[in-house]
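Could you walk me through this protein in my viewer, one selection at a time? I would like to know what to click next and what I will find there.

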Amino acid sequence: MPIVPLLSDKDAKSPFKGVQPSMFTQEPALEIKGCGSSPIEPQHLACSVYNNTLEDLPAMVRQWWNSQNKRIKEHIDRFTTKFTSPILCAKEIQGVQKSTTKMDNMTIKARSKTREVIATYRMDDMSMDLVIKLAVNHPLGVIVVDSGKRVGVSAAQWRNWMLQMTTFLVHQNGTIVDGLKVWKSNIDKRFEGTDDCMICYSVIHGSNYSLPQLTCKTCKKKFHSACLYKWFNTSNQSSCPLCRNLF
């Protein structure tokens, strides 16, 4: 990729407010073989591939970035923060603002200047705010999930729900709206009386969205099949993670 991926076209405009037009804001005009492509076309294509990878596979790119040595890591961080993070943050915020998904009992607001998304969940006399803030070097930096006001929810339960949201946003390749859907489903199921999986402490599984259905015959606690399978593989045991009796 070029060191400075700016466009030479003075008429080029960025679709995002406050973001300078560059090879990351404009799609490359791919030429048919034999028609004489521009010498900067491969560079433009490389920028497009990197930008799309950051957008579609943020968790995977974050893991790759963290595995690099300090010098390379700092170079990638500076480049991404300057040229791609503003675009991806703007897209994420716009995705929340333009989302047509209706969520009963929950409202979502987005603030572009502070890169924040605020979700408010209400049920009877209970209400709680979840504040999600994108890092300045998004998606390399970890998304911060913080608590706003909460009424009628215990501190332990609230920490559990915040951990569920943080885990999804850090380890899953999904948008904030996707994460909020899973988070809301967990809360809804919790109020319906569905028990959490005693391994991941979530009602809805983060990957396959299943419910805890496997029950220990001894302690009667429930688990997601995927969580239990992972537990058996990593522990080299076939016992219950809680009571340690054979499952």
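## A tour by selection

Arg244 sits in the segment after helix H7 (225–235). Its phi is near 70 degrees, a positive value in a residue other than glycine. Keep in mind as you click around that this is a predicted model.

You will find Arg115 in the loop between strand S1 (106–111) and S2. Arg115 is partly exposed, with a relative accessible area of 23%.

Now go to His138 and Pro139, which are joined by a cis peptide bond with omega of about 5 degrees. Pro139 belongs to the loop between S3 and strand S4 (144–151). As background, most peptide bonds are trans.

**The whole chain.** Zoom out and colour by secondary structure: there are seven helices and six strands. Along the sequence they follow the pattern α-α-α-α-β-β-β-β-α-α-β-β-α. Of the 247 residues, 39% count as buried. Among contacts with a separation of 6 or more, 45% come from residues 24 or more positions apart.

**The cores.** Select Leu130, Ile132, Met165, Leu169, Ile176, Leu180 and Trp183; of the 29 residues in the largest nonpolar core, these touch the most other members. At least two residues of this core come from each of helix H4 (85–97), strand S2 (116–123), strand S3 (126–133), helix H5 (155–171) and helix H6 (176–191). Centre the view on Met165 and show what surrounds it: leaving aside neighbours within four places in sequence, Met165 is in contact with Leu130, Ile132, Val145, Ile176, Gly179, Leu180 and Trp183. Another core, of 16 residues, lies apart from this one, and its members include Phe16, Val19, Ile76 and Leu88.

**A helix pair.** Show helix H2 (residues 58–66) with helix H3 (residues 70–83), which pack at an angle of about 140 degrees with their axes 9 Å apart. That angle makes H2 oblique to H3. At the contact, Trp64, Trp65 and Asn66 in H2 meet Lys73, Ile76 and Asp77 in H3. The residues of this contact divide into three nonpolar, one polar and two charged.

**Helix H1.** Which residues does Ser48 touch, not counting those up to four places away in sequence? Select Ser48 in helix H1 and look for Glu27 and Pro28. Ser48 is buried, with a relative accessible area of 9%. Leu45 lies in helix H1 too (residues 41–56), but Leu45 is partly exposed, with a relative accessible area of 36%. Draw a distance from the C-alpha atom of Leu45 to that of Pro28: the two are separated by 5.9 Å, though 17 residues apart along the chain.

**The cysteines.** How many disulfides does a search of the whole structure find? The search finds zero. Select Cys197, whose nearest cysteine sulfur, that of Cys200, is 3.9 Å away; Cys197 is in no disulfide because a disulfide needs sulfur atoms within 2.5 Å. Cys197 is buried, with a relative accessible area of 0%. Finish at Cys219, which is also in no disulfide, with the sulfur of Cys216 as its nearest at 3.7 Å. Cys219 is partly exposed, with a relative accessible area of 25%.

Notes
Residues numbered from 1 in each chain as written. Predicted model: local features only at pLDDT ≥ 70, side-chain atom pairs only at ≥ 80, totals over all residues. Heavy atoms only, no water. Helix = DSSP H or I, 4+ residues; strand = E, 2+ residues; numbered from the N terminus. Buried < 20%, exposed > 50% of the residue type's maximum accessible area, 1.4 Å probe, protein only. Axes fitted to C-alpha atoms, helices over the stretch in contact; angles between N-to-C directions. Parallel < 35°, antiparallel > 145°, perpendicular 65-115°, else oblique. Contact = heavy atoms within 4.5 Å. Nonpolar A, V, L, I, M, F, W, Y, C, P; charged D, E, K, R; others polar. Core = buried A, V, L, I, M, F, W, Y, C linked by side-chain atoms within 4.5 Å.
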